[in-house]
Amino acid sequence: MEQQSSSVLSLLLLLLFTAISVSTAMHPSTRRLGVVGKLVESDFEVELPPEFVTYLYSQTLDHFSYRPESYTTFQQRYIINYEYWDGPNSTAPIFVYTGDEAGITGVAAYAGFMVELASRFNGLLLYIEHRYYGESVPFGSKDEAFSSTSKLGYFTSTQALADYAELITNLKKNLSVENCPVIAIGGSYGGMLASWFRLKYPHIVIGALASSAPILYFDDITPENAYHVIVTKDFRETSESCYNTIRESWSEIDKVAAEPNGLANLTQIFMTCQPLNSSQELKYYLALRYVFSAQDDNPPTYPVKKVCDAIDGAPEGTDAIGRVAAGLNASVGPPCHFVCDFIPSNMSEFQWQMVMPIGHGANDTMFQAWPFDLNNHTKTCQGLFGVTPRPHWITTEFGGRDIKSVLRNFGSNIIFSNGLRDPYSAGGVLHDISNSLVAIYTDEGAHCLDLGTPTPTDPDWLVSQQEKEIKIIGLWLAEYNARLLSKAHGRMG
């Protein structure tokens with residue numbers, strides 16, 4: 001049972017690549033987490049303003065082989081915003097969002113910092129949807145695309161990066177803007193893609209902003225418990241008593257569940273929509289709510305404080321279970337909480353994509369022990385998809401080990417931005433590697449906050465972070481234009 005528990009939680013945590021704030025409790029296995037700051041499905045759609053224009057591109061299915069089926073195409077969705085662009089007769093930049101694990105409209109709606117960049121630099125905005133997400137699904141439908149492993153085999157980060165390279169190259173040619181520099185931007189998984197895109201395709205993009213990108217959370221580069229250590233730190237720094245109550249609550253929940261009618265009592269206390277089948281499903285749900293709160297612990301809502309204020313503010317004499325229930329209600333609110341066993345699905349995009357070793361022991365966090373179990377994870381993947389995962393391929397394909405000395409030899413022009421209250425910052429790049437491979441972080445921020453739309457009420461530390469990013473991007477563009485001018489003068493001479 002312990003092995004099964006660790007595998008389930010590990011699979012759940014593969015979904016946690018962004019901050020979320022939700023108004024109602026939802027089953028985590030049926031939702032997709034994107035940079036948009038909401039708990040959303042992969043086909044979640046947002047109606048965008050008219051300046052965001054949607055197009056379709058006939059994308060190559062397989063960029064890396066020459067079998068007849070490799071030349072099959074699918075319709076890849078992308079969005080362009082021309083509002084601030086100087087036009088084809090300029091060298092105004094193209095800012096491209098490297099689409100992640102969600103529909104692209106939600107990303108375009110959230111990532112208002114890109115609009116700020118476009119207004120500052122007279123740039124074109126391009127948002128590309130990741131293959132197999134949103135409406136960019138090969139083989140005509142999701143059911144068909146997920147019907148066999150042979151069709152899912154084209155669903156990789158490597159193919160996605162090649163998609164972006166092909167689409168950008170084609171678009172620049174069609175718009176006659178071959179001299180316009182391109183800068184990749186992404187958050188979370190999209191941030192990982194942005195940094196990898198710069199490293200793999202430096203002739204396509206001159207730089208990248210990788211926000212909250214845990215590119216070091218693979219193999220044993222980052223301790224597996226680091227994610228939950230930061231969640232714990234966020235809660236403990238907010239309130240020691242809140243932290244202690246949460247730690248105490250797990251065993252109390254198990255104790256009540258073991259009593260006659262215990263599960264029925266827990267069902268009533270936590271106002272679940274359906275009767276609880278086990279204490280484990282309740283604990284899964286609570287654990288997810290805590291990590292959601294930490295990952296999204298951004299202004300103005302500060303969900304960790306909201307949860308802890310409710311836990312600490314319960315009437316005197318309320319036991320640990322009652323206090324935790326109050327915290328849950330403050331987090332997601334009534335009328336009821338949809339709590340049930342998480343059942344891994346062979347229709348889940350992100351379960352297919354990545355093996356990220358996240359787990360923790362018995363005494364190193366505020367949670368009960370859930371160690372990462374690669375063998376059990378492998379069995380789950382084999383059962384769902386009939387394939388054996390390759391947990392070491394990410395570091396083989398994109399690197400990560402000894403990253404300072406490796407990237408110092410050939411990398412340039414990447415901003416790794418993080419907020420240290422984000423649990424995924426544990427797997428991020430937090431120190432400068434060189435003058436052009438820079439780390440910008442804030443102590444107060446959490447997940448992908450710097451990609452959001454700037455507002456007059458933004459705290460000074462967030463304004464400072466974004467202004468630093470703008471200044472660096474401006475230097476990249478100035479250097480690019482200087483080289484372009486020098487090249488032109490050389491031809492004339």
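Me: To start, what is the bridge partner of Val96 in S7?

Reply: In S7 the bridge partner of Val96 is Ala184. Strands here, like helices, are DSSP runs numbered from the N terminus, with at least two residues (E) for a strand and at least four (H or I) for a helix. This is a predicted model, in which local features need pLDDT of at least 70 and side-chain atom pairs count only at pLDDT 80 or more, while totals for chains, interfaces and linings use all residues. Residues are numbered from 1 along each chain as its sequence is written, and side-chain values use heavy atoms, with hydrogens and water left out.

Me: OK, and how many bridges are there between S5 and S7, and in which sense do they pair?

Reply: Strand S5 (residues 94-98) and S7 pair in the parallel sense over 4 bridges, where pairing requires that DSSP finds at least two bridges between the strands. Phe95 stands opposite Ile183 in S7.

Me: What else does S5 pair with?

Reply: S5 is joined by 5 bridges to strand S6 (residues 124-128), and these two run parallel; within S6, Ile128 is the bridge partner of Thr98.

Me: Which way do the S5 residues point?

Reply: Ile94, Val96 and Thr98 point one way, Phe95 and Tyr97 point the other way, and all are buried. Buried means under 20% relative accessible area, exposed means over 50%, and partly exposed is in between, computed with a 1.4 Å probe on protein chains only. Because 5 of the 5 residues of S5 are buried, the strand is largely enclosed by the rest of the structure. In a regular strand the side chains alternate between the two faces of the sheet.

Me: Back to S7, then: how many of its residues are buried?

Reply: In strand S7 (residues 182-187), 6 of the 6 residues are buried, so this strand is largely enclosed by the rest of the structure. Val182, Ala184 and Gly186 point one way, whereas Ile183, Ile185 and Gly187 point the other way.

Me: Switching to cysteines, how many disulfides does the structure hold?

Reply: The structure holds 2 disulfides, a disulfide being a pair of cysteine sulfur atoms within 2.5 Å. One joins Cys242 to Cys308, with S to S at 2.2 Å. This pair links distant parts of the chain, since Cys242 is in helix H9 (residues 240-257) and Cys308 in helix H12 (residues 303-312), 66 residues apart. The link of Cys242 and Cys308 is left-handed, with -70 degrees about the S-S bond, and both residues are buried.

Me: And which cysteine is joined to Cys273?

Reply: Cys273 is joined to Cys336, with S to S at 2.0 Å. Cys273 lies in the loop between helix H10 (262-269) and helix H11 (279-295) and Cys336 in the loop between H13 and H14, so the pair ties together parts that are 63 residues apart in sequence. The link of Cys273 and Cys336 is right-handed, with 90 degrees about the S-S bond.

Me: Are those two buried or partly exposed?

Reply: Cys273 counts as partly exposed at 30% relative accessibility, and Cys336 counts as partly exposed at 29%.

Me: Where is Asn346, and which residues does it touch?

Reply: Asn346 is in the loop between helix H13 (320-332) and helix H14 (349-353). Not counting residues up to four places away in sequence, Asn346 touches Phe146, Leu384 and Phe385, where contact means heavy atoms within 4.5 Å.

Me: Last one: what pLDDT does the chain average?

Reply: The chain averages a pLDDT of 90, and 91% of the residues score at least 70; pLDDT is the predictor's confidence in each residue, from 0 to 100. Over residues 1-34, however, the pLDDT is below 50, although this stretch has 126 contacts in the model beyond near neighbours in sequence.
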